[in-house]
Amino acid sequence: MSGAAKRSDALSVSGHPLFNDRKLKLGTFSTNLSGGCAISKIDGVLKADWPSTLRLAQLADQMDFEALVPVGRWKGFGGETNFNGAGFESFSWASAISASTKSSGVFATTHVPTIHPIFAAKMGTTIDHVSNGRFVMNIVTGWFKPEIEMFGRAQLDHGDRYKMAEEWLHLVKRLWTEDAEFDHDGKFFQIKGGWCQPKPIHKPYPPIMNAGGSETGRHYAAKHCDVAFVVFNSHDPDQMRKQVAAYRDLAREEYGREIKVWSYAYCVQAETEKEARDFYKYYVHEKGDWVAASNLLDTLGLNAQTLPPEAIEPLKEHFIAGWGGVPLVGTKEQIVDGLKNLSDIGLDGSLLSWPRYIEGMEEFQRVTYPLVVQAGLR
Ligand SMILES: Cc1cc2nc3c(=O)[nH]c(=O)nc-3n(C[C@H](O)[C@H](O)[C@H](O)COP(=O)(O)O)c2cc1C
């Protein structure tokens, strides 16, 4: 597409925390599920209970984190921990979390084949009103086959999943923006007299996120979404920088759009680097639930196209450590340097997680966050 890059529709409207001018935006990841992001048998990993998930949302809100990103998950990954098996449904979670926070962007994650677009548009609108315009919709096409089958549905092939997601999002956007009733007779959905009132608070509609890593997924995010998430297939800074730039360039060059590009990282902090590395060894290598991690990566490898096959095995320990995120391991100063590196490679924001989520995030707020601000990242 020629001409100057246009801003995407949702980006053109200010006021959403996701589009503030902080250098590196921050968020939390998977605070609605047992285990959070750490596939480990250590004590202190996140429990799926309301006081725990609420505590994490409030800590994030106190630090003005821009994103609270739950995971849409219907089944666990087995192993001794049945990692992520217990957890809160993300739309109802987002509604209650919105009522309990003041400043953070609140996401909900929809599995396209499991939620009808009318229902999703209406739930999203409700959350946008509860949060006073802080809602973000995360679209997931459904790579974890057992949970799609649990709904009595056959998993579509990869290409069709994104075609369905395209039709789905088109309908949600229409419901969010059009006043008159409309009919729709598509490949995946039929609607008679479709209508949704009130409209969301954020205009023209809430920001849309997607984290597809496949070629089709990247095009989907670049064409239709406002925020894309990169899963890095290597932690080499030059490679990471290239992956971020490629996403941005794809949106600009093919679709004339500007998108925000985020990723995610896990923090293991201690007084000394050695202590942090020793703790990493303990919770990943000694106490990691490698069976659950293998189950997760086997199904991801078979059903998603996010990571090249040769990248999966070396990344396994990072999945155990923090869902495959970028490692930030060391002293508080090293964590801040790591965050600065994420900004330097071109990311707009990063989700964070801690193996002992609550304890780790409380320490981050107390001793690390002031240094993040001092470093000019916030
Ligand atoms: C930050 C982030 C959040 C994600 N949230 C979910 C989720 O809630 N549920 C889910 O099934 N997949 C989730 N995913 C997986 C991706 O959305 C995507 O579906 C997967 O990578 C497969 O897409 P692909 O085949 O296009 O790479 C998430 C990924 C990332 C990086």
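With 16 C-beta neighbours inside 10 Å, aspartate 64 counts as partly exposed (buried means 20 or more other C-beta atoms within 10 Å of a residue's own, exposed means 12 or fewer, and partly exposed is in between, with C-beta atoms placed from the backbone). Aspartate 64 sits in the loop between H1 and E3, and its phi is near 60°, a positive value in a residue other than glycine. Helices (H or I, at least four residues) and strands (E, at least two) are DSSP runs, numbered from the N terminus.

A word on what you're looking at: this is a predicted model, where local features need pLDDT of at least 70 and side-chain atom pairs count only at pLDDT 80 or more, while totals for chains, interfaces and linings use all residues. Residues are numbered from 1 along each chain as its sequence is written.

Asparagine 82, in the loop between E3 and H2, also has a positive phi, near 40°. Most residues other than glycine have a negative phi, and most peptide bonds are trans. A cis peptide bond joins glutamine 197 to proline 198, with omega about 0°. Proline 204 lies in the loop between E7 and E8 too, and the bond from lysine 203 to proline 204 is cis, with omega near 0°.

On to helix packing. Helix H1 (residues 50–62) and H12 have axes 10 Å apart and pack at about 15° (axes are lines fitted to C-alpha atoms, for helices over the stretch in contact, and angles run from 0 to 180 degrees between N-to-C directions). The two are therefore roughly parallel, a label for angles under 35 degrees. On the H1 side the contact includes Leu56 and Leu59, and on the H12 side Met361 and Glu362; contact means C-beta atoms, placed from the backbone, within 7 Å. Glutamate 362 and leucine 56 are 306 residues apart in sequence, yet their C-alpha atoms are 8.7 Å apart in space.

Which residues of helix H2 (residues 90–99) are buried? They are Ser90, Phe91, Trp93, Ala94, Ile97 and Ser98.

Note on methods:
Angles under 35 degrees count as roughly parallel, over 145 as roughly antiparallel, 65 to 115 as roughly perpendicular and the rest as oblique. Two residues are in contact if their C-beta atoms, placed from the backbone, lie within 7 Å.
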